[in-house]
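Me: I've got a structure on screen and would like to talk it through. Can you take my questions one at a time?

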Amino acid sequence: MKGTVVIDCFPESAERYRDRYAIVVVDVIRATTVATTAVSMGRRVFPAKTTDEACVIAANLNDPLLVGELGGNKPYDFHMTNSPVEIAARVDVHRPMVLVSSSGTQLLLNAVGSEAIYLACFRNVSAVARHVDGRHERIAVLGAGSRGQFRREDQIGCAWVTEKLLEAGYLSETQKTSDLVSRWHNASADEIRGGKSAEYLNRSGQLKDLEFILDHIDDLDTVPSLVNGELISVSDHIESARAAVRI
């Protein structure tokens with residue numbers, strides 16, 4: 001046995017795991033998708049819990065891009081909502097992104113203090129599972145949730161990462177974890193079309209983001225990790241560490 005893995009949900013759940021676990025954060029619609037997309041393009045990304053915190057971070061950056069949503073709405077004076085379509089289309093990758101979301105960045109920053117923190121979405125399920133496999137004895141895969149619900153897309157994202165870890169030799173810690181993996185085994189990503197998050201995107205005229213998510217399944221090797229307040233690709237972090245050793 002390599003270790004154990006557990007699925008849980010909501011920003012407050014991080015408090016149960018951060019002392020002894022590595023944490024994988026999943027917020028498919030849309031925080032971890034937009035952040036992973038941005039990091040994959042070489043953009044620097046800084047998460048924040050609140051708009052005030054975002055402004056403090058932005059004040060110390062050169063030409064920052066304020067991105068996010070609170071309650072589904074773009075905050076006042078922000079440049080754009082947390083749209084993976086829009087961030088993928090932008091060519092100004094030199095501009096660091098400061099990201100705020102209703103639950104995804106809350107969960108992410110609540111996990112600070114854990115053994116390691118990673119971001120997962122439909123784009124990098126296999127890459128995340130490969131990276132954490134064997135590196136950590138206890139892994140918590142946490143869905144951000146929304147409005148008190150463990151949303152369908154986050155259940156699927158958590159289940160897909162966890163299933164790969166179970167296949168690699170990890171054991172499920174809880175019956176809930178096993179049940180979620182069984183429920184979404186071999187599920188099509190299109191299952192999320194029937195969820196409340198997809199309904200919101202449709203109602204608010206943002207279906208392009210849903211289609212982007214469904215058109216980009218396991219297509220990235222990028223694994224963002226939160227290090228000193230910034231989301232960076234683990235491959236870059238590992239290379240930096242090797243360079244420091246050589247010096």
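Predicted model: local features only at pLDDT ≥ 70, side-chain atom pairs only at ≥ 80, totals over all residues.

Me: Then is Arg203 buried, partly exposed or exposed?
Reply: The cut-off for exposed is over 50% relative accessible area. Arg203 has a relative accessible area of 59%, so the label is exposed.

Me: Which residue does Arg203 meet in a salt bridge, and how far apart along the helix are the two?
Reply: The partner is Glu199, with 3.5 Å from N to O. Glu199 is partly exposed, at 45% relative accessible area. Both sit in helix H8 (residues 196-203), four residues apart, so Glu199 and Arg203 are separated by about one helical turn.

Me: Stepping back, how many helices and strands does the protein chain have, and why call it as compact as a globular protein of that length?
Reply: The protein chain has 10 helices and 10 strands. The globule rule gives 18 Å for 247 residues, and the radius of gyration of the chain is close to that, so the chain is as compact as a globular protein of that length; the value is 17 Å.

Me: What share of the residues is buried, and what share of the contacts with a separation of 6 or more comes from residues 24 or more positions apart?
Reply: Of the 247 residues in the protein chain, 55% are buried. For contacts with a separation of 6 or more, residues 24 or more positions apart account for 77%.

Me: Which parts does the salt bridge between Lys176 and Asp8 tie together?
Reply: The side chains of Lys176 and Asp8 meet at 3.8 Å, N to O. Lys176 is partly exposed at 39%, while Asp8 is buried at 10%. Lys176 belongs to helix H7 (residues 175-184) and Asp8 to strand S1 (residues 4-9), so the bridge ties together parts that are 168 residues apart in sequence: H7 and S1.

Me: Which residues make up the salt-bridge network that includes Arg95 and Asp92?
Reply: Arg95 and Asp92 meet in a salt bridge of 3.3 Å, N to O. Arg95 is buried at 12% relative accessibility, and Asp92 is buried at 12% too. The linked residues are Arg43, Asp63, Arg90, Asp92 and Arg95.

Me: Where is Asp63, and what is its phi?
Reply: Asp63 sits in the loop between helix H2 (51-58) and strand S4 (65-68). Asp63 is partly exposed, with a relative accessible area of 37%. Its phi is positive in a residue other than glycine, near 55°.

Me: And what about the phi of Phe10?
Reply: Phe10 lies in the loop between S1 and S2, and is partly exposed at 23% relative accessibility. Phi here is again a positive value in a residue other than glycine, near 90°.

Me: Which residues does the cis peptide bond join?
Reply: Look at the loop between strand S2 (22-26) and H1, where Arg30 lies. With omega at about 5°, the cis bond joins Ile29 and Arg30.

Me: Last one: which helices do the buried residues of H9 pack against?
Reply: In helix H9 (residues 207-215), the buried residues are Asp209, Leu210, Phe212, Ile213 and Leu214. They pack against helix H1 (31-40), helix H3 (84-89) and H8.

Key: Residues numbered from 1 in each chain as written. Heavy atoms only, no water. Rg over C-alpha atoms; globule rule 2.2 N^0.38 Å. Buried < 20%, exposed > 50% of the residue type's maximum accessible area, 1.4 Å probe, protein only. Contact = heavy atoms within 4.5 Å. Salt bridge = Lys/Arg side-chain N within 4 Å of Asp/Glu carboxyl O.
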